[in-house]
Structures are given as C-alpha cells and as structure tokens.
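Here are my notes from going through the model.

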Amino acid sequence: MPPQGDHVTIADLGEFGLIAALAAGLPRGERTVVGIGDDAAVLSAPDGRVVATTDLLLEGLHFRRDWSPPADIGGKAAAQNLADVAAMGAVPVALLVGFAAPGDLPLAWARELVAGIASECSRVGATVVGGDTARAQSIVLAVTALGDLAGGNPVTRAGARPGDMLAIAGVLGDSAAGLALLEAGLTGPESLIAAHRRPRPPYRAGPQAARFGATAMIDVSDGLVADLGHVAQASGVLIDIDTALLPVSGDLAAAAAALGRPGPLEWMLTGGEDHALAATFPPGISLPDGWTVAGHVRAGRGVQVNGRAFTGRAGWNHFGR
C-alpha cells in the first residue's frame, strides 16, 4: 500500500511512486500519442516542424519557497517556457518537466507544484507529456516546451528592418517591482508581488503577431533593453525605445514611491520575468489588439532609449559581474 497521510514525503513514495502520483493529476492532450509512463513521449505534428525550447528554474535564484507557494512556482516554470514558444509565433503544445528535490520534500508540495504547471498549460491548451525526477539538495526544475507553427513561418530575432515599428504586448516592470517589494519586506501593491510570483504572458499575442506580419519577435525575460539588444544584433539594426509610449502598470508608481525610487522606468527597461512580447512590424500596418507601439527601428546598431545610448545595466545576465 502507498504511504498515506499529510506528512508523506517524496522519498516515502520512491521515484516511480512519485511519478505515478504526479502524473495522476495531469490531463492528456489531443496530440499525445504516447504519454507519461514510457521511455519517451510521442506527439502528432501535423505541421511537420516542431518548435522547441528549454529553461531552468533554481531554488534560491529564480524562486524562494518562503516567498512563493508551489502552485505559483510551477506556473512560473511553465510560463517562461510557453512564452518562448509564443515568441516564435507558434502555439504551445506540450511540456517535458525535469524535477529534482530533497527527499524530505512533502508530497503535497510537489502535487501543488504540478497543479500549477497544469493550470498554466491550460491557458493555451498545452499538456505535460513526460519528464524525469531526481534527488537534489535544493529544488531544480528543467522544463522543455514544444510548439506548433500551424503552417506559418517562425518569427525569429533576425528580421527587423529600418523603418519598422517596435511594439509591446503584455506588461513591463511588474515582476521586477514585485521582487523589489519582497526584498524590502513589503506586502504591496499585491498585484506586483503576484506578477513576480506568477507572470501572465500574453501567449496568443505571439501567433497573432505572426499572422499580422511581425518581422522579428522576442520574449522579454531578461529586461527590455537587454532582449531588444539580441534583436538588434541578430537583425543588424538600431532599435530606439520611446519611453513615453511604454505601457505602464498603474501600481508601478506607488511601488516606486514606497521604495524611495524616482520612478518605475528602470524596472520597465531592465526588469525581466514579466514575459511580455516585443516585436517589430512593417511601417503603416494596423497592429493586432493587445499590441502597443513603443519605438522604431532605424539604420545602425544596438539599442537606444529616447534617441540616446543606454548607459545603465541593460538587464539580467546569469554570468554577469
């Protein structure tokens, strides 16, 4: 008989008992031919091409258990990968989840984590089709997302052209502000703390932008200036951000005042983990709903802010000093 009660740990179940317990709460997707429980998953791929991306979440670096409940940690792990698929102009289809944790981690915590992953997947119709488990000193999540282009072309970072418009879908700076509030021991504005714990990427905006002719696109995970720098480099252009056009969350100014900052602009330009989408579009077209003009593409190299070179730290760098 499997262990019962409120104090069951993942070590009590063992590897295969844990996999069975976690898989029991996951729905099976329409494209799943072979799902959890075999050597590998098998998915149908009507387009003939598969979009694939992977990312890591490390306890203490990307999340803290004393700051975030397990469902939010799972939702965040799913979101940052699903957003990368959307940034290619594709529809997310499935996730593979690698999960390592200490053996004394409560089973209930792990189940809530997986419930959060499944909940975020349900926002776009994706499912979890497999993964792996292991023992570790702290929690590690390694998530791979797969997506479908549905007959369209991928939108890469390399297609921006001089004359294009820069546009943004989603929020900027909320997650960074929420992190700053948590670090300062503050409890509000609650919307910003919630944005840090569990971002809400605009998934449908990615395929929508592709249909409207987006020339380049990227998931804003490390900071707007930093991520647009990747687009500028890949496309061989200069991208000029107009800060007067950036979409501003209503609570950002309150958070800046509470923390004694001059304003929210630094969070909006350099804060990551909101997983907004930034894209360039041909001049003169009507943007899809949810997209806002935020600047322009010009001849040159790099990223400017209001026509000037940006001299501060552009965003998050895992190996930066």
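1. A definition before anything else: I call a residue buried under 20% relative accessible area, exposed over 50%, and partly exposed in between (1.4 Å probe, protein chains only). Helices (H or I, at least four residues) and strands (E, at least two) are DSSP runs, numbered from the N terminus. This is a predicted model, where local features need pLDDT of at least 70, side-chain atom pairs count only at pLDDT 80 or more, and totals for chains, interfaces and linings use all residues. Residues are numbered from 1 along each chain as its sequence is written, and side-chain values use heavy atoms, with hydrogens and water left out.

2. I'd start with strand S8 (residues 216-220). Because 5 of its 5 residues are buried, S8 is largely enclosed by the rest of the structure. In a regular strand the side chains alternate between the two faces of the sheet. Here both faces are covered, with Ala-216, Ile-218 and Val-220 buried on one side and Met-217 and Asp-219 buried on the other.

3. What does S8 pair with? It runs antiparallel to S10, and 5 bridges join the two (strands pair if DSSP finds at least two bridges between them). Ile-218 has Ala-278 of S10 as its bridge partner.

4. Neither is a glycine, yet phi is positive: about 75 degrees for Glu-273 and about 60 degrees for His-275. Glu-273 counts as buried at 18% relative accessibility, and so does His-275 at 3%.

5. Another backbone item: the Gly-188 to Pro-189 peptide bond is cis, with omega near 5 degrees. Pro-189 belongs to the loop between helix H4 (174-183) and helix H5 (190-197).

6. On the surface, Leu-56, Leu-58 and Leu-61 make a nonpolar patch with about 240 Å² of accessible area together. Areas come from the Shrake-Rupley method with a 1.4 Å probe, and for residues only the protein chains shown count as cover. Patch members have over 30% relative accessible area and no salt bridge; like charges are joined within 9 Å, nonpolar side chains (Val, Leu, Ile, Met, Phe, Trp, Tyr) within 5 Å. A salt bridge here is a side-chain nitrogen of Lys or Arg within 4 Å of a carboxyl oxygen of Asp or Glu.

7. Leu-61 itself is in the loop between strand S3 (51-58) and helix H2 (70-87). With a relative accessible area of 45%, Leu-61 is partly exposed.
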